[in-house]
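Please look over the sequence and the model first, then read the notes by topic.

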Amino acid sequence: MTAILSNTQLRDLGSTPRKLTAGLPPATVLLSFAVVLVVILWSLVPGLFTSLSPVTGDTASKLAAPSAAHWFGTDYLGRDQYARVVHGTASSVTSALVAVLIGLVIGSIIGLASGFRGGWVDAVLGRFVDVLLAIPGFLLAVVIVSSLGFQTINAAIATGVSAVAVFARLMRAEVMRVRGATYVEASYLQGGNRLHALLGHVLPNAYRSVLVLAVLQFGTSILIIASLAFLGYGDPPPASDWGLLVASGKTYVTAPWLVYAPALVIVTTVLSVNRISRWLRNAK
Amino acid sequence: MKTRKDTNVSADLLTVEGLSIAYGPTAVVHDVSFSLAQGESLALIGESGSGKSTIAKAILRLLPHSEATATGRVALNGRDVLGLPERQFRPLRGRELGFIPQDPASALNPVRTIGAQAHEAAALLGETDPAVRRGKILDVLEQVGLPDPVRVYDSYPHQLSGGMLQRVLIALTVLPRPSLIVADEPTSALDVTVQKLILDMLTELRQELDISLLLITHDLAIAAERADSLVVLKDGAVQESGSSWDIFTAPQTDYARSLQADVPALHPDRYRAQRTVFAAEPTHDVVSRPAAVASRSTGLQIDVQGVTKRFSAGGKDVLACDGVSFAVERGRTHALVGESGSGKTTAVRLLLGLEQPDSGRISVAGQSTSGRSRAEVRDIRRHLQLVYQNPFTSLDPTWPVGRIVREPLDQFGVGTKPERARRVEEALASVGLPTDVASRRPAHLSGGQRQRVAIARALVVRPDVVVLDEPTSALDVSVQAGILELLSKLQRELGLTYLFVSHDLALVRQVADTVSVLRKGQVVEAGAVEDIFSRPQHTYTRALLDSIPLATPAAALGGIAAEAKQPAKATA
């Protein structure tokens with residue numbers, strides 16, 4: 001999972017600055033990329049960022065305030081909160097990625113089929129998407145996790161399923177825009193069949209907006225999965241998903257950093273991803 | 001046209017002196033000077049990128065402040081427009097300076113009625129009573145020749161045709177009685193007959209209301225017909241300026257000469273000589289072509305008999321093609337002529353098998369296309385290729401040129417990989433493009449280059465018949481000449497049969513052997529080009545012929561057209 005994560009993420013990072021011919025992106029975008037890079041490194045090589053264990057702690061220094069030794073303080077077992085955040089990243093980021101991939105792949109296929117075929121295919125798939133859209137996404141995710149079992153991977157699947165509708169709608173709209181283009185008709189005249197037109201011309205011209213949405217959805221997914229983990233719908237402790245850290249920290253009113261630190265990490269990551277997504281949308 | 005010497009004459013309404021404009025470090029206009037007297041008309045001519053629209057924007061002060069810097073002097077009634085503070089310039093907009101934009105459809109707000117938008121223009125008159133304003137708006141709408149002003153007043157832009165919208169825009173422009181109108185290619189988005197009506201109307205209005213006109217166009221014929229004086233621009237610099245008569249009859253610079261030579265109406269026989277060589281020995285090149293093609297000995301490459309097609313649009317039936325028949329011999333060019341909605345596009349789509357006819361028979365190279373399976377239609381398409389009207393939309397923007405041209409070879413499974421690469425190279429070379437364009441994407445090519453790519457794509461499978469759907473209407477006149485030159489060369493070399501679809505009769509006269517005139521889905525007249533042009537039978541054909549700028553000695557022009565034809569023939 002981490003391997004897939006690194007490839008996709010790094011490809012995103014590598015290809016976007018190349019598109020820019022007119023100098024560097026704005027400073028906030030660069031900062032956002034830096035944040036995302038750090039988060040990715042946390043999930044890939046947590047050992048580089050902290051030498052402390054996220055599982056075993058020193059009970060003598062439990063609930064210590066943030067200090068040079070413990071940046072985010074320590075929890076009720078004396079475990080370093082920073083180490084727990086860093087080590088929890090892999091699970092949070094990977095599950096968000098799984099969620100996005102599920103939404104992207106299934107949603108795109110539905111959108112491609114209904115936008116390109118039209119007719120009854122569009123009618124049937126369209127109503128299916130309507131049903132998905134009618135159910136609040138978070139509620140749907142809760143229902144799915146309840147039936148699949150309380151695990152982070154199930155939370156990811158649930159989040160992905162609830163995102164399918166949005167991807168399908170956008171992909172359908174883009175495909176319908178491109179489908180009528182002259183160059184698609186030209187491809188039939190050049191002997192191309194429908195599959196060739198779909199994969200050769202329609203998809204390459206339609207996917208860009210959908211990819212931007214995928215980046216945006218990555219941020220949203222982190223948030224939803226953290227919310228599910230907060231409610232206990234993810235892996236049980238000692239896992240240290242970001243949402244779970246917030247949840248377990250909220251018991252200790254005297255140690256607010258246990259809530260604030262992971263919450264800030266979530267907020268910063270989501271905001272950075274949103275900023276990048278908005279920049280991608282404008283840059284394309 | 002006054003030269004710089006007498007620009008101090010106070011009668012000049014608009015004076016431009018030493019105008020230079022730069023976008024950042026790139027200068028796009030260099031030291032341009034001209035002047036326009038009260039009641040006169042002046043045309044700025046040049047290709048895309050010659051800076052003519054930029055100059056118009058500078059006069060209207062519409063250049064983006066942060067990006068463009070304009071130096072020099074632009075004086076309107078003796079007041080320097082460039083130096084004026086915005087607060088003092090704003091009252092001039094509309095009242096002194098009117099602007100007619102190029103594309104009427106995008107210049108009006110689609111969610112407001114014409115009337116609501118007209119009130120903005122009427123407000124410039126200083127009239128506050130809405131009822132009086134309404135009256136004035138209806139008057140001016142009638143003045144520009146709109147048949148039912150009240151209906152137009154209550155309409156939304158999408159409910160009106162392009163010609164009507166352009167009339168509305170002209171009405172809104174003349175409503176505040178400006179002393180100068182800047183018109184940026186006011187008719188290039190319209191049909192020829194509509195273009196003539198709009199230009200006639202504009203000329204009349206101008207004389208009636210004593211308004212000066214600054215016309216911006218790439219079409220020398222229109223400019224010469226409608227303007228008193230011309231300024232020829234190239235790469236942002238004035239090539240030549242003077243009275244329309246002088247420039248048109250005796251262009252001094254090479255550039256003006258080439259522009260003049262590229263006006264189709266003046267040189268009806270430009271490509272004739274090249275083609276008759278082929279027509280005399282029609283089988284000369286055919287022999288070397290693939291045997292499967294050459295063996296079919298029927299003289300007719302395209303045979304369309306009594307084809308009818310009905311569409312239902314918005315609840316009512318539209319007869320797009322009503323018993324259309326025409327035939328084209330091998331190696332010849334047949335033209336389908338008509339305005340938008342005449343059914344020429346439908347006829348082409350039926351021929352290509354993109355639509356199925358309701359009745360009638362179509363055969364290409366002896367094979368009937370109707371009632372065939374998809375695979376068989378695909379086979380026929382190998383011998384039948386189309387060059388689209390707009391090269392900006394017919395090439396996939398995500399594909400490199402090499403792959404675009406190779407697409408038909410890949411799809412029809414022609415040859416091996418190295419063979420295909422070689423044929424792509426040949427095709428690009430034959431349309432006059434350097435080999436290195438193969439790796440570029442369409443966005444990095446000019447309009448003319450893109451159309452050459454589209455032609456290369458059509459020719460790479462070595463078809464017999466090429467359908468050219470207004471192949472030059474999206475291009476500049478001088479680029480158009482290059483493309484036509486290329487098409488006629490390829491026809492001669494490869495023995496191609498062309499079906500040329502166009503609304504431009506002057507162009508048709510240059511390239512076609514035979515012609516069918518379509519109107520409302522019916523062929524109203526057909527025959528050899530010479531006959532149709534010299535002895536048009538149908539009133540509609542006559543109307544089309546009349547709408548060619550400079551084709552007939554128009555009263556407004558006196559004898560310019562007739563005289564211009566003499567030296568023109570010598571150079572052709």
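Which domains does the domain assignment of chain B give? The assignment gives domain 1, made of 267-383 + 464-552, and domain 2, made of 391-462. The model is a predicted one.

**Domains of chain B**

- Where domain 1 and domain 2 of chain B touch, the contact takes 11 residues from domain 1 and 15 residues from domain 2.
- On the domain 1 side of this contact, helix 19 of chain B (residues 477-494) supplies the largest share, 5 residues.
- The residues on that side of domain 1 of chain B divide into 9 nonpolar, 1 polar and 1 charged.

**Contact between chain B and chain A**

- The two chains touch through 19 residues of chain B and 14 residues of chain A.
- On the chain B side, the elements giving two or more residues are helix 15 (374-381), strand 16 (384-387) and helix 16 (401-412).
- Helix 16 of chain B gives the most to this side, with 4 residues.
- By residue type, the side of chain B that touches chain A divides into 7 nonpolar, 6 polar and 6 charged.

- Strand 1 of chain B (residues 12-23) and strand 4 of chain B (residues 68-76) run antiparallel and are joined by 8 bridges.
- In this pairing, B:V16 has B:V74 of strand 4 as its bridge partner.
- Strand 4 of chain B is also joined by 2 bridges to strand 5 of chain B (residues 79-80), and these two strands run antiparallel.
- The bridge partner of B:A75 in strand 5 of chain B is B:D80.
- Strand 4 and strand 5 of chain B form a hairpin with 2 residues between them.
- In the turn of that hairpin, B:N77 has a positive phi of about 55°.

**Strands 14 and 15 of chain B**

- Strand 14 of chain B (residues 359-364) pairs with strand 15 of chain B (residues 367-368) in the antiparallel sense, over 2 bridges.
- B:V364 has B:Q367 of strand 15 as its bridge partner.
- The hairpin of strand 14 and strand 15 of chain B has 2 residues between the strands, and B:A365 takes a positive phi near 50°.

**Chain A as a whole**

- Chain A has 11 helices and 0 strands.
- Along the sequence, chain A follows the pattern α-α-α-α-α-α-α-α-α-α-α.
- The C-alpha trace of chain A spans about 75 × 50 × 25 Å along its principal axes.

**Helices 6 and 7 of chain A**

- Two packed helices are described by the angle between their axes and the distance between the axes.
- Helix 6 (residues 137-148) and helix 7 (residues 152-179) of chain A have axes that come within 8 Å and cross at roughly 140°.
- Helix 6 and helix 7 of chain A are therefore oblique to each other.
- The crossing of helix 6 and helix 7 of chain A is right-handed.
- Helix 6 of chain A makes the contact with A:G137, A:L140, A:A141, A:I144, A:V145 and A:L148.
- Helix 7 of chain A makes the contact with A:N154, A:A155, A:I157, A:A158, A:T159, A:V161 and A:S162.
- The residues of this contact between helix 6 and helix 7 of chain A divide into 9 nonpolar, 4 polar and no charged.

Conventions
Residues numbered from 1 in each chain as written. Chains lettered and ligands numbered in written order. Predicted model: local features only at pLDDT ≥ 70, side-chain atom pairs only at ≥ 80, totals over all residues. Axes fitted to C-alpha atoms, helices over the stretch in contact; angles between N-to-C directions. Parallel < 35°, antiparallel > 145°, perpendicular 65-115°, else oblique. Left-handed = near helix turned anticlockwise from the far one by under 90°. Contact = placed C-beta atoms within 7 Å. Nonpolar A, V, L, I, M, F, W, Y, C, P; charged D, E, K, R; others polar. Domains from an automatic or database assignment. Pairing = 2+ DSSP bridges.
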